[in-house]
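Trainee: I've got a model open and I'd like to talk it through with you. Can we start with how the strands go together?

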Amino acid sequence: MNLEEFLANEKTAAEGYRCGFIAIVGRPNVGKSTLMNHLIGQKISITSKKAQTTRNRVTGIYTDDTAQFVFVDTPGFQTYHRNALNDRLNLNVTEAVSGVDVIVFVVEALRFSDADRIVLKQLPKNTPVMLVVNKIDKNKAKDAATLDAFIAEVMQEFDFAGYEVVSAKHGLRIANLLAKLKSYLPESVPMYPEDMITDKSSRFLAAEIVREKLFRYLGEELPYAMNVEVEKFDAGEGIYHIYVAVLVDKENQKPIVIGKGGEKLKKISTEARLDMEKLFDCKIFLKVWVKVKSGWADDVRFLNELGL
Ligand SMILES: Nc1nc2c(ncn2[C@@H]2O[C@H](COP(=O)(O)OP(=O)(O)OP(=O)(O)O)[C@@H](O)[C@H]2O)c(=O)[nH]1
Ligand SMILES: [Mg+2]
């Protein structure tokens, strides 16, 4: 940083610029990743109809003239099926909430259950928690009295700092939520460059995009038994060459991913390539293939290698 930039930063701090961390937590499938993508205005965290789409913490950064918001999207807290992968996911959540300035606890409108309660129990006592009721676009949530009664009920469950209602998917009331969250951020100069939207590498984002397509185009159970490894990532001038292996647990899962005449795999890789072209803003050469690696979800050493 040169002197001029340093002085400019000093000035913004003096004028009450804010910057801080916000963790987004909640049970699987309430819309945490969709919400983060809309809060930062870019799709960097993958989403799907299936629970437990998010496996890693993903940081999304939103910067405007008055504040920098550093969001941490977390995996949905897993309350059953114990294995090394799920233990790791839960650890990711508890680590992500420690040391943030404010926590966004997401629930689905008109749905509150023990799975939500268990997440609340994991939260630290000394950090403000904002209740965010998502999916207010759903038909039953459109009745104001019903929604108000639901909010009053959930507010009893925890000492929330406040609440907001949103529809992440339709981008409704996102600005209101941002304004409320801003008041919890400490005065500080921005921590990241203003054009930075995530601290994750392009390599990680590429793997996530392929994983999203597996979640979207394969049956109910299979995506959970899979992972994705980027074997080569060449960021060339105007074109990236990306080589991705899909790891399945058993030999008989391989043909399901590949599909008849390779159709399924082709669809997955075409969709992934289009998303990558949008995100990286350049041409993409993408090769995806399937590899068998048994027992990976219970192999702690392998989870470390994958950075999970
Ligand atoms: N109708 C409606 N659907 C939504 C809304 N927000 C998210 N969804 C849908 O809910 C599903 C789950 O969304 P995700 O963002 O993947 O949920 P998540 O909480 O990150 O899920 P995990 O990462 O699996 O814990 C997807 O099908 C979304 O399209 C919303 O505001 N309205
Ligand atoms: Mg998610």
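This is a predicted model: local features need pLDDT of at least 70, side-chain atom pairs count only at pLDDT 80 or more; totals for chains, interfaces and linings use all residues.

Trainee: Okay, then in which sense do β1 and β3 pair?

Mentor: Strand β1 covers residues 18-25, and β3 covers residues 67-73. One bridge partner set is Cys-19 with Gln-68 in β3. Seven bridges link β1 and β3, and the sense is parallel.

Trainee: And β2, does it run parallel or antiparallel to β3?

Mentor: Strand β2 spans residues 58-63, and a hairpin of three residues connects β2 to β3. Thr-59 of the chain sits opposite Val-72 in β3. With six bridges between them, β2 and β3 run antiparallel.

Trainee: Which strands are the edges of the open sheet?

Mentor: Six strands make up that sheet, in the order β2-β3-β1-β4-β5-β6, with mixed pairing. Neighbouring strands are turned by 25° against each other on average, ignoring direction. An edge strand pairs on one side only, and that picks out β2 and β6 (162-165).

Trainee: How many bridges join β4 to β5?

Mentor: Strand β4 is residues 102-108 and β5 is residues 129-134. Glu-108 stands opposite Asn-134 in β5. The two strands run parallel, and the bridges between β4 and β5 number six.

Trainee: Back to β3: how many of its residues are buried?

Mentor: Side chains in a regular strand alternate between the two faces of the sheet. In β3, Ala-67, Phe-69, Phe-71 and Asp-73 point one way, while Gln-68, Val-70 and Val-72 point the other, and all are buried. Across the protein chain, buried residues make up 35% of the 308 residues. For β3 the count is seven of seven.

Trainee: Which residues touch the most other members of the largest nonpolar core?

Mentor: That core has 42 residues. Elements giving two or more residues to it include β1, β3, α3 (84-97), β4 and α6 (174-182). There's also a second, separate core of 22 residues, with Ala-207 and Val-248 among them. In the largest core, the ones touching the most other members are Ile-22, Ala-23, Ile-24, Phe-71, Ile-103 and Phe-105.

Trainee: Why does Gly-162 count as partly exposed?

Mentor: Gly-162 is in strand β6, and leaving aside neighbours within four places in sequence, it contacts Met-130 and Lys-180. Its C-alpha atom is separated by 8.8 Å from that of Pro-128, 34 residues apart along the chain. A residue needs 20 or more other C-beta atoms within 10 Å to be buried, and 12 or fewer to be exposed. Gly-162 counts as partly exposed because its number of C-beta neighbours inside 10 Å is 15.

Trainee: Now the ligand: which helix gives the most to the shell around ligand 1?

Mentor: The shell has 24 residues, and the closest are Gly-31, Thr-47, Thr-54, Gly-76 and Lys-169. By type, the shell residues divide into five nonpolar, 13 polar and six charged. With three residues (the helix spans 32-40), the element that gives the most is α2.

Trainee: Last one: what share of the contacts between residues at least 6 apart join residues at least 24 apart?

Mentor: The protein chain has ten helices and nine strands. Take its contacts between residues at least 6 apart in sequence, and ask which of those join residues at least 24 apart: the share is 71%.

Key: Residues are numbered from 1 along each chain as its sequence is written. Chains are lettered from A and ligands numbered from 1 in the order in which they are written. A residue is near a molecule or strand if its C-beta atom, placed from the backbone, lies within 6 Å of it. Helices (H or I, at least four residues) and strands (E, at least two) are DSSP runs, numbered from the N terminus. Ala, Val, Leu, Ile, Met, Phe, Trp, Tyr, Cys and Pro count as nonpolar, Asp, Glu, Lys and Arg as charged, and the others, Gly among them, as polar. Two residues are in contact if their C-beta atoms, placed from the backbone, lie within 7 Å. Two strands pair if DSSP finds at least two bridges between them. A nonpolar core is a set of buried Ala, Val, Leu, Ile, Met, Phe, Trp, Tyr and Cys residues joined through C-beta atoms within 7 Å. Axes are lines fitted to C-alpha atoms, for helices over the stretch in contact, and angles run from 0 to 180 degrees between N-to-C directions.
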